[in-house]
Amino acid sequence: MVIGTIADTLTRGVGNVTDTLSETFFEPVVRIGVTGLSRAGKTVFITSLVANLLDRGRMPQLAAEAESRILTAYLQPQPDDTVARFDYESHLAALTARAPRWPDSTRAVSELRLSLRVRPTGLLAGLQGPRTVHLDIVDYPGEWLLDLGLLEQSFENWTDATLKRLPQRPGSEPFLSLLGGVDPNEEFSEPKAKALAETFTGALQTAREAGFSDCTPGRFLLPGEKAGSPALTFAPMPKPDSPARRGLWREMERRFEAYKSQIVKPFFRDHFSRIDRQIVLVDALGAIHAGPPALDDLRRTMAGILKAFRPGSNAWLTQLLRGRRVEKILFAATKADHLHHSQHQRLTAIMEALTREARDRARFAGAETSAMSIAALRATVEQTLPHNGSELDCVRGTLLNPDGSRGRQAAFYPGALPEDPAHLLTPAREGATGWLDADYEIMRFAPAPLTLKPGEGPPHIRLDRAAQFLVGDRL
Ligand SMILES: Nc1nc2c(ncn2[C@@H]2O[C@H](COP(=O)(O)OP(=O)(O)O)[C@@H](O)[C@H]2O)c(=O)[nH]1
Ligand SMILES: [Mg+2]
């Protein structure tokens, strides 16, 4: 047993050395984290990014491409044996089918390696031949990132904060009434714990569907392979005066601690700690559509996310990272193809304001951050229509029916975003329940059928700028 451990550690040590050597001296690896809450657009983003890096006809804003320095790009077996490979081929097949459809949603971490042969720039160009840069793209749920905040909380604190938040959100009633009828000191029983955990999860799910962002613990919404395990079967519960030894509360507290040490910490140790560059995808239009409470929740959530990237924000994480840190973070508002381009600047301004607030709240000083509006896969075309004697800048596309089938073609006007982001953010912060002088709508469009010319990836909006920000300096 002991011998096995030693041998195991040794081989891993040697493996690491060779890794580091080849990475530093020969073939640099840039690990790009792609995160965002579920349905923010991670899968579509990675699929389209990879397709557009393989066929770069639509990537003029990627400097290395504009300078014709990218010689080839190819997919490689991804280097982490224990992480699922991002299923690029299936996702691309869905998006480029004759009747295209959005890819299935993913529920855990996955990864893929794209390698680029690049000619160096400037002085080195004459001295060095082309070199290979590996981009390891890691897809992970933003929900899991928010769990970092749990590490600093005791079960008591967490219960207090959660029980304060729940009544202000839809869907909490079944859980709260079940909890109300429970004696925290009654003898622990699994069915009771399960019923509490299930109704609590239901509350989180309803809140998420209503547009709320911070629905921690993250694994309750996206359990991955750990569904049903004790560490995922607990719920907030007020502490009794003297907790009984075999009582329900005691076991709930123990499970909360197990969640932190067995679920949250391994994610940060195995995945998060190795990321160099990060993109956080945000469905800002979705939150605006859901109303002021959802937008304010998004603002707080972004601060929570940024906290994970702030050196020193959490003692355990600081020790784990040992000075390593993410160098760049891009906050991207996704699905910008729902807006006519005349409104993109306004969406970006909202994203910038959210990022700035998040930075201030997280007292952030670390990575370089930026905000952008993008569409990983453009599903619409622009159209200007006469309306009440003037003109309305719309987008046109194929609507998606609730059952997932393709509906009719329609022109769509989502509402006018304000020029000044404060016109949305301030009422949201002040607790407004609805938007005063505007109505924001959102539609689901089906992906448009594509006819790609050789060398062209799928159509997008500013995917090349996003790539330039994330890795341009390393190519
Ligand atoms: N119009 C449009 N819709 C998008 C785009 N990206 C994502 N979506 C929509 O958002 C949904 C969720 O995207 P997905 O990538 O699966 O999100 P994930 O859960 O973060 O991986 C998709 O099914 C699409 O309906 C985009 O660029 N344009
Ligand atoms: Mg996904």
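Glu251 and Arg255 sit four residues apart in helix α12, so about one helical turn separates them. Their side chains form a salt bridge, with the closest N and O atoms 2.8 Å apart; the term here means a side-chain nitrogen of Lys or Arg within 4 Å of a carboxyl oxygen of Asp or Glu. Helices are DSSP runs (H or I, at least four residues), as are strands (E, at least two), and both are numbered from the N terminus. Glu251 is buried at 17% relative accessible area, and Arg255 is buried too, at 3%. Buried stands for under 20% relative accessible area, exposed for over 50%, and partly exposed for what lies in between (1.4 Å probe, protein chains only).

A word on the model itself: it is predicted, so local features need pLDDT of at least 70 and side-chain atom pairs count only at pLDDT 80 or more, while totals for chains, interfaces and linings use all residues. Residues are numbered from 1 along each chain as its sequence is written, chains are lettered from A and ligands numbered from 1 in the order in which they are written, and side-chain values use heavy atoms, with hydrogens and water left out.

Back to the charged pairs. Side chains of opposite charge can pair when their charged atoms come close. By the rule above, the count comes to 32 salt bridges. One of them brings Lys239 and Glu156 together, at 3.5 Å from N to O. This pair links distant parts of the chain, 83 residues apart: Lys239 is in the loop between α11 (218-221) and α12 (248-270), and Glu156 is in helix α8 (residues 155-165). Lys239 is partly exposed at 39% relative accessible area, and Glu156 is also partly exposed, at 38%.

Arg299 and Glu357 make another salt bridge, 3.1 Å from N to O. Arg299 belongs to helix α14 (residues 292-308) and Glu357 to helix α16 (residues 344-361), so the pair ties together parts that are 58 residues apart in sequence. Both residues are buried. The two are also part of one network, in which salt bridges with shared partners join Arg169, Asp296, Asp297, Arg299, Arg300, Glu357 and Arg429.

The loop between α11 and α12 also holds Ala235, which is buried with a relative accessible area of 0%. Leaving aside residues up to four places away in sequence, Ala235 touches Phe155, Trp158, Phe175, Leu196, Ala197, Phe200 and Met252, a contact being heavy atoms within 4.5 Å. From Ala235 to Arg255 it is 20 residues in sequence and 9.2 Å in space, C-alpha to C-alpha.

Now for the chain as a whole. It has 18 helices and 11 strands, and buried residues account for 50% of its 475 residues. Among contacts between residues at least 6 apart in sequence, 77% join residues at least 24 apart. The accessible surface comes to about 22,100 Å², with 51% of it belonging to carbon and sulfur atoms (Shrake-Rupley method, 1.4 Å probe; for residues, only the protein chains shown count as cover).
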